[in-house]
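Dear colleague,

I am handing over the structure that we spoke about, and my notes on what was found in it follow below. Please read them with the model open beside you.

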Amino acid sequence: MIDTKTSPLNRAAEAVARSTPSRLVKRVTGLSDRMVAWLFIGPTMVLLLAINIFPLFWAIGLSFTNYRANRPNEPVESVGLRNYERILTDPDIWIAMQTTANFVFWTILLQTVIGFGLAYLIDRKFRGHAFWTTIILVPMMLSPAVVGNFWRFLYEPQIGLFAYAVSFVSGIPPTEIEMLSNVSLAPWSIIIVDTWMWSPYVMLICLAGLRSIPDYIYEAAEVDRASPIRQFLSITLPMALPFIMLAILFRGIENFKMFDMVNLLTGGGPGSTTEVASITLKREAFEKWRTGYSSAFAIILFVAVFGLANIYVKALNRVKQR
Amino acid sequence: MSLTTAHSVVVPSTTSKRIAAVLIVAYALISIVPLLWIFATSFKTPPDSIAYPPKILFQPSTEGYCNLFTTRTRQTAEYIASLPPATSFCDEVTRKRNMVIAGPSNFLPRFVNSLIIAFGSTFCAVFLGTLAAYGFSRFKVPLADDLLFFILSTRMMPPIAVAIPIYLMYRELGLSDSALGMILLYTAVNVSLAVWLLKGFIDEIPREYEEAAMIDGYTRLQAFWKVVLPQATTGIAATAIFCLIFAWNEYAFAALLTSGTAQTAPPFIPTIIGEGGQDWPAVAAGTTIFLVPILVFTILLRKQLLRGITFGAVRK
Amino acid sequence: MTRTLRAALAGVSLLSALTVAPLVSVTAAQAEELTLCWAAWDPANALVELSKDFTAESGIDMKFEFVPWTNYADRFLNELNSKGKLCDLIIGDSQWIGGSAENGHYIKLNDFFAAEGITMDDFVPATVTGYSEWPKGTPNYWALPAMGDVVGWTYRKDWFERPELQAEFKEKYGWDLAAPTTFEQLKQIAEFFQGREVDGKTVYGASIYTERGSEGITMGAMDVLYSFGFKYDNPEKPYDMNGFVNSDGAVAGLEFYKALYDCCTPPGAANSYMGEGVDAFKSGQVAMHMNFAFTWPGLQKDEAVGGDKIGYFANPAGPGGDRFAQLGGQGISVVAYSSKQEAALKYIKWFANPAVQAKWWSLGGFSCLKAVVEDPGFAATQPYAQTFLDSMAIVKDFWAEPAYASLLQASQKRLHDYVVAGNGTAKEALDALVADWTETFEDEGKL
């Protein structure tokens, strides 16, 4: 237990209290609970209103106009729902959405399989597993932008370590392993880095799930002579499922927003092969400066994430209750 | 949660332990290779860094670090001969490549910006987050669940979508490309994490402690200050480090909302170029310097990691 | 565990306190200091060297903000649009001039030129039109031509001169291996070198622009397209693009560019621009290399491929004998949001000085001053000087409209989708481009 009497913070507080006129102390410290509650929560709410909510409404407003942020002198006209109509009927936007969905699907599939596999292995509790777990966790703490940028070097067809390693294993000449420039390989180049970074994340959550399964269930299964595979399918997997689903939720939201890594690895290329929604949005908003149009796109994306996440959370709660 | 303590399960057999150990160690080693490669590349000369086949053994050189901190221009041998003798080690290295140092690079100011913005926003987010978390934990706040969910939902927006109106707002307020603007923005993003995490930590502190203190004549604020805060320091420290890591690593906002004065290291490092494309040893050197603090924090935090990455949803 | 975390907390709070304090003071004290924004490339480093003279003369310190080409437009247009005060002086790309003039990012320099006796007649006409004027063809100046630049080619003269290669080439193609005069010849040479062993190393035909993110593939493909008959619009009727952008010649040109990309570029060259091109040439990977002229001084000085191993040629001719080259280069402007405009103008005045311009050229910059480039001795000053003059004589530039970024994004997408990703046909790509551009001009109210 922590000794509250002698903690340095405490002593500092007492020193402050002593040096303040006692009437003021009473007035400030004697606030009612209601006041304290608002005093404590208020500043955060004000900040969120100013930095999140107000801009959100501004964006909603802009999404009905033809405003361009790089033309301050031009009149802003209301265009009604035209921006939304244009986005939803633009085949390129739908291709970008499909690309995004593909990424989300493959990264989550791979990360769940690898992450759960790692967690299952670590749960064998061999000697030194804590140390190796920490090592495995390192990639996910790093900046996706800074590390993703370096992967561009690893992917270089000839001089890059990745191409060299793959050619060493497969015998394909390293000049032919063009991860970033080959149309069919480029999406995988991003999926590989994302999986490398975030499988540990899924692993950590799955590990918590595996550890939450009480031993007596397995003991009972042993008594029933259930085979290990049966135990895995009827105990381990279902009991860990809420955790796996939680991991999928977090990764899904993150990967839907994916920007850093794609921007630095392929920039959306070759052609538009890896152009995910965030990249399209960035091009519209900060290169073409179609602010009204891109605001509408941003709102559509927000509604999509919010809606999908809500449906998913409902499913998650149902699984939890089972 | 704990990764070390073994609970008495149906104990796995020795063979399955061995297989698991081999697989995990193999995975860990492979997954750490890219990071080791970054570190190794930072000590290579530019020709060594792009040698084929990739060089695993090489003569270490600090040229990458010299290049990281300077800008250089290629000149003729005659021009270089006309200059006064080299004064520093980096000068010498540079001149060997028929170049002269023209001035310092922008890496150092960008790194300082990263420090200012990351620490500044962490301080604000944890300060606000602690207060709000206490409020949500101890008081009946009307619509508390909705407010908490609203706080969380602010993190679901793609950063580019958030950046559009923020860009316009900051332009009007004169906050574009300013450290203050970035601190405000990162605080707003981080405060949601801070509130959720800290609420969990504060929920775990029994209310009885404060109630006892208040019976002893403490006011609510005094009880918060003298009883709750000291008990929550571990949670606050863990939260602070999570906020710090987010702000330190953030790329999209920094790339779109800053251009020089307040630009942080992540959007800067990918733009370190040599005479042609990226100067990989210099990039690796910058990356290494940038990653070291995070490595230290990851090791410090390893037992709190799970809680941090799930917004406190998974505690054990 | 708890103790280490607490120690960390103490550290974090201490550092936070330390960092918030200087934040307030940082903005206050500042000596006279100018920030110049430009792209991160060789000439910029040469300008740093050159500007030391300005600091010595005027006592004004110079700070520099250089951004690589692939982020250059992105970053600085963002900065200008946010009314940022980062740059006092900016060397902005030629295509920005329309938008920057109309939206008030740059200050107009006519009065300043008149007062200081600087006249645009002293500068090469193509650069004045390209870098300073808006609207084009009118005497409204928003920049001083600072860096002349144009796309051209370098080649490995030492390889071209090897007797055994010359003999083999002659036998195969029936003409003498030398710098090409038509694009057809260029492709034959590229095919000849592609995959060949030279000095025990596999080499490739040519490095060309294929970058997707900013402007790379447009700047490259246009060189070919212009010479094959591509026109931006109907000379009789502005913004009428159908039949000009997607003319038969333009389609053939784009097909040629794709064929060149498919047959004769080094592996992994799907996102290559100036920097990657320089790297490919310097590492001895390619026989020919398309790039802006600014890269030439650095390559000429290179130990491995420079000196007498390197040769230069201007863009060769298309099938009809037309020759054009994509204009690069920039003028230097004063940013309207700067609070130090007076000092910034002082810098421009200093920079326009003929002696400074001469030193600019000798350090590796490309002066646009007639006194420098029309000097009878100019062509002999550097091996690439004549090729530079030849190329500057045939320049053509991309749209400089205020909507240039949207126009550029469209061409980047359409060209890259066809040339690199191999989707659809050249005709479809250019038809789509006409549609995109038409839509942009409709949004602009110009159609």
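Between chain A and chain C, 26 residues of chain A are in contact with 22 residues of chain C, where two residues count as in contact if their C-beta atoms, placed from the backbone, lie within 7 Å. The side of chain A that touches chain C divides into eight nonpolar, 11 polar and seven charged residues; here Ala, Val, Leu, Ile, Met, Phe, Trp, Tyr, Cys and Pro count as nonpolar, Asp, Glu, Lys and Arg as charged, and the others, Gly among them, as polar.

Please bear in mind that this is a predicted model, in which local features need pLDDT of at least 70 and side-chain atom pairs count only at pLDDT 80 or more, while totals for chains, interfaces and linings use all residues. Residues are numbered from 1 along each chain as its sequence is written, and chains are lettered from A and ligands numbered from 1 in the order in which they are written.

Between chain B and chain A, 94 residues of chain B are in contact with 87 residues of chain A. Helix H1 (residues 14-42) of chain B gives the most to the side of chain B that touches chain A, with 15 residues; helices (H or I, at least four residues) and strands (E, at least two) are DSSP runs, numbered from the N terminus. That side of chain B is made up of 73 nonpolar, 16 polar and five charged residues.

Within chain C, the domain assignment gives domain 1 (33-149 + 329-388) and domain 2 (151-326 + 401-444), with bounds that come from an automatic or database domain assignment. The centres of the two domains of chain C, taken over C-alpha atoms, are separated by 27 Å, and 21 residues of domain 1 are in contact with 23 residues of domain 2. On the side of domain 1 of chain C that touches domain 2, the elements that give two or more residues are helix H2 (42-58), helix H3 (69-81), helix H4 (97-102) and helix H18 (385-392) of chain C, and H3(C) gives the most, with five residues.

In H18(C), the residues C:Thr387, C:Phe388, C:Ser391 and C:Met392 are buried, a residue being buried if 20 or more other C-beta atoms lie within 10 Å of its own, exposed if 12 or fewer, and partly exposed in between, with C-beta atoms placed from the backbone. Seen down the axis of H18(C), its buried residues fall within an arc of 130°, so they line one face of the helix; the arc is that of the directions from the helix axis to the C-beta atoms.

Strand S12 (residues 330-334) of chain C is mostly covered, since five of its five residues are buried. From S12(C), C:Gln330, C:Ile332 and C:Val334 point one way, and C:Gly331 and C:Ser333 the other way. Strand S3 (residues 89-93) of chain C pairs with S12(C) in the antiparallel sense over five bridges, two strands being paired if DSSP finds at least two bridges between them, and C:Ile90 stands opposite C:Ser333 in S12(C). Strand S4 (residues 144-147) of chain C also pairs with S12(C) in the antiparallel sense, over three bridges, and there the bridge partner of C:Pro145 is C:Gly331.

Finally, C:Arg162 lies in the loop between helix H7 (157-160) and helix H8 (163-173) of chain C, and C:Arg162 is partly exposed, with 14 other C-beta atoms within 10 Å.

With best regards
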